[in-house]
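Subject: Structure handover

Hello,

Here is the structure I promised to pass on. Please open it before reading further.

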Amino acid sequence: MENYLVGGAIRDALLGRPGSDRDWVVVGATVQQMLDAGFLPVGRDFPVFLHPDTREEYALARTERKSAPGYRGFVVHAAPGVTLEEDLARRDLSINAMALPAAQADVRPLPTNALIDPFHGRRDLQDKVLRHVTDAFREDPVRILRLARFAARFHDFAVAPETMALMRAMVAAGEADALVPERVWQELARGLMEAKPSRMFEVLRECGALAVLLPEVERLWGVPQPEQHHPEVDTGAHLMMVLDMSARLQVPLTVRFACLTHDLGKGTTPAEALPRHIGHEQRSADLLAGLCERWRVPTEIRELAEVVAREHGNIHRSAGFGPAALVRLLERCDAFRKPQRFADALLACECDARGRLGLEAQPYPQRERLLAVLAAARDVDTGTVSRRAMERGARGPQVGAAIHAARVEAVAAAAGEAPPR
């Protein structure tokens, strides 16, 4: 039984990046030997175990054979006779297909003379290239998404031409159509959280996978916007700038997904109406619903994205709103019940406003103002207002109207304005 450190931990150590979780391959062992040594089985589709002390993952060396479309269509062979090189050959990218004997795994700096690198991953790291290991890459369509995610992380790396050609062939063969929602969402979510998320979507678009997985996003390229508001003009280019602004501002996944989907409706604007996009907000919300259903986007993330899609135009224009219009905006956003979600919506709108050519450093005073407006409106004692309204005979909607009026008055007072009559 021989243990080897493999994958991302080696890649990141060679790059001088913070360490990934450590994964191990075991060569020459059986399942029973692993169990006898105290390892805990966790693999559903192939033999993976947790170390009894460190809880790091140890997998038996294995090979795979394609048996059906999609990423689940594999027959896995794990036996003592499978070699380390055979195991490395089934991995996705050369930079993830390196290994170190366990005895050298904790040595720093990394002992490169002990590195096992049959597919030249170290050279590709130095050349900043993302390259598939073998033609077996084509057997798992999830690898298209994984490569695109790595492109967003290592955004100064290029995709090898032969790897891009292979991904295009996979898409043309229908492999991307066989992807299941759980894996698509998992990889999209990870890619959105990388340093330059735009690179993920650029790579997916280049190989044709974006049109299959997210046609609502794909159709945004080539759609013009008014130049006075969008110096970059192209809606797809704008979207990529918004995503990268979300990474620059280090916002959470909920906000980044809202950035991705806020302008979907612009892809369905009639040609005769261009470059204006009247009513695109509601069309964006409608398209978002289908996208989230298709890829089973978590409820919390979907709900924020719906608020941003529907209200981002009003939030941008809110500097010209009076107290009553501001309170109506807060009510439509459900800001009184979910103030943190509203704060996140404002972050997404800031990314949208600053994700424009030459406007990346512009301030976004709407966010600070609307947070102050919300704070003033939330200071209203709704219990007292309700009780007094009911004492005057108000019921149901009339009580709600009294609360609304009190909030408008509080917002007007905070702004030094006379309340509306």
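Below is what was found in it, from the whole protein down to single residues.

This is a predicted model: local features need pLDDT of at least 70, side-chain atom pairs count only at pLDDT 80 or more, and totals for chains, interfaces and linings use all residues. Residues are numbered from 1 along each chain as its sequence is written, and side-chain values use heavy atoms, with hydrogens and water left out.

**Overall**

The protein has 19 helices and ten strands. These are DSSP runs, numbered from the N terminus: helices are H or I with at least four residues, strands are E with at least two. The C-alpha trace spans about 85 × 50 × 40 Å along its principal axes. Of the 421 residues, 51% are buried (under 20% relative accessible area, with exposed over 50% and partly exposed in between; 1.4 Å probe, protein chains only). Take the contacts (heavy atoms within 4.5 Å) with a separation of 6 or more: 66% of them join residues 24 or more positions apart.

**Second largest pocket**

This pocket holds about 590 Å³ of space. Its lining counts 26 residues; closest to the centre are His-229, His-230, His-316, Arg-317 and Arg-356. Four elements, α13 (280–295), α14 (299–317), α16 (339–354) and α17 (365–378), each give two or more residues to the lining. The largest share, four residues, comes from α14.

On terms: a 1 Å grid is laid over the protein atoms alone, and a pocket is an open set of points where a 1.4 Å probe fits, with protein on both sides within 12 Å along at least five of seven lines; lining residues have an atom within 4 Å of a point. Volume is the space filled by probe spheres set on the points, which are joined across faces, edges and corners.

**Places to look**

- Leu-145 sits in helix α5 (residues 142–153). Leu-145 counts as buried because its relative accessibility is 1%. Beyond its neighbours within four places in sequence, its contacts include Leu-179, Met-200 and Leu-213. Arg-183 is another contact; its C-alpha lies 9.1 Å from that of Leu-145, 38 residues away in sequence.
- Helix α12 (residues 253–261) is mostly covered, with eight of its nine residues buried. Among them are Arg-256, Phe-257 and Cys-259.
- Asp-234 lies in the loop between α10 (215–218) and α11 (235–248). The C-alpha atoms of Asp-234 and Leu-220 are 7.9 Å apart.

Best wishes
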